[in-house]
Amino acid sequence: MDIIENKRLEEIAQIYNGLRITRHQNNKDTHIQKVLKKINNNENILQTEQITLSKGIDEKFYSKKDDIIIQHTSQINTINIINEDNIIIPANYVIIRTKKQYNPHYIKYILTSKQFKKVERKLIEGTKLQFIKIPDIKKMKIKIPSPEKQDKIVQVMKLIDKKNKLEEKKMKTNKKIQDVILIEQLGEEYVQQ
């Protein structure tokens, strides 16, 4: 039987805020750095920008492959996995860097689950700009199975993700087909002012 442990997030990962970019601009000893601007959540595509920043920025602010990042200053806390090294993560993100024995994709699926969202809603602060504090994230407990079981769960979840993306594509294609049918049957301008 598989042993499942309850662990606090701080036990399985390093967790901290991203870099306050403004504190590292307009200094004398600078060079151009690649900084995360935004992530397209549906496709997990990173948008970066080149910014001149001071040298000597702590390595913890540079992305490492499989870092989990939470954009914690938006209406919906988006959660993604970084697939690229050496991108500076700004302060509107929380960086979760899992220890080697934990599958970061497993942790990401837990963090995007309904159960996590339910707990997160209880901890969110602010009225207009809602956010969750890092100490609250660190204290959250999640169930951690063996590494083998984590990998199996991730494998199944990724297959479901692929299926969902295919279904999404299928729906978009069907919508285009509907539009073409209307144009073919009624002409280009079938709605007028």
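**Group meeting talk: a walk through a predicted model**

Let's start with Thr98: leaving out residues up to four places away in sequence, Thr98 touches Ile12, Ala13, Ile68, Pro104 and Ile107. Contact here means heavy atoms within 4.5 Å. Thr98 sits in strand E7, residues 93–98, and with 17% relative accessibility it counts as buried. For that word, buried is under 20% relative accessible area, exposed is over 50%, and partly exposed is in between, using a 1.4 Å probe and protein chains only.

Before I go on, some housekeeping. This is a predicted model, where local features need pLDDT of at least 70 and side-chain atom pairs count only at pLDDT 80 or more, while totals for chains, interfaces and linings use all residues. Residues are numbered from 1 along each chain as its sequence is written, and side-chain values use heavy atoms, with hydrogens and water left out.

Okay, the overall layout. The chain has five helices and eight strands. Helices (H or I, at least four residues) and strands (E, at least two) are DSSP runs, numbered from the N terminus. Reading from the N terminus, the order is β-α-β-β-β-β-β-β-α-α-α-β-α. Of the 193 residues in the chain, 33% are buried. As for contacts with a separation of 6 or more, 68% of them join residues 24 or more positions apart. The chain exposes about 13,300 Å², and carbon and sulfur atoms supply 51% of that. Those accessible areas come from the Shrake-Rupley method with a 1.4 Å probe; for residues, only the protein chains shown count as cover.

Now, helix H2. How many of the eight residues of helix H2 are buried? Six of them, so H2, residues 104–111, is largely enclosed by the rest of the structure. The buried ones are Pro104, His105, Tyr106, Ile107, Tyr109 and Leu111.

His105 has 19% relative accessibility, which counts as buried. Setting aside neighbours within four places in sequence, His105 is in contact with Asp66, Ile81, Val154 and Lys158. The C-alpha atoms of His105 and Asn80 are separated by 9.4 Å, and these two residues are 25 apart along the chain. And what caps the N-terminal end of H2? That's Asn103, with a side-chain oxygen 2.8 Å from the backbone nitrogen of His105. A polar contact, by the way, is a pair of N or O atoms within 3.5 Å; within protein, one must be able to donate a hydrogen and the other to accept it, and residues adjacent in sequence count only if both atoms are side-chain atoms.

One of those His105 contacts, Asp66, deserves a stop of its own. Asp66 lies in the loop between strand E4 (45–54) and strand E5 (68–71). Asp66 has a positive phi of about 75 degrees, although it isn't a glycine. Asn86 also has a positive phi, near 65 degrees, and isn't a glycine either. Asn86 is in the loop between strand E6 (78–81) and E7, and it is exposed, at 52% relative accessible area.

Next up, charges. Side chains of opposite charge can pair when their charged atoms come close. A search of the whole structure finds five salt bridges, a salt bridge being a side-chain nitrogen of Lys or Arg within 4 Å of a carboxyl oxygen of Asp or Glu. Asp66 takes part in one of them, with Lys65, at 3.8 Å between the closest N and O atoms. Asp66 is partly exposed, at 23%. Glu10 and Arg8 form another, with 3.1 Å between the closest N and O atoms. Glu10 is partly exposed at 36%, and Arg8 is partly exposed at 27%.

Asp179 pairs with Lys175, with the closest N and O atoms 3.9 Å apart. Why are they about one helical turn apart? Because Asp179 and Lys175 are four residues apart in H5, residues 147–186. Asp179 is partly exposed at 32%, and so is Lys175, at 47%.

H5 itself has 40 residues, which at 1.5 Å a residue should span 58 Å, and its end C-alpha atoms are 58 Å apart, which agrees. The expected span is 1.5 Å times one less than the number of residues. Just after H5, Gly187 takes a positive phi of about 95 degrees.

Last stop: Leu182, Ile183, Leu186, Tyr190 and Val191 form a nonpolar surface patch, with about 450 Å² of accessible area together. Patches are made of residues with over 30% relative accessible area and no salt bridge, where like charges are joined within 9 Å and nonpolar side chains (Val, Leu, Ile, Met, Phe, Trp, Tyr) within 5 Å. Ile183 is in helix H5 and is partly exposed, at 31% relative accessibility.
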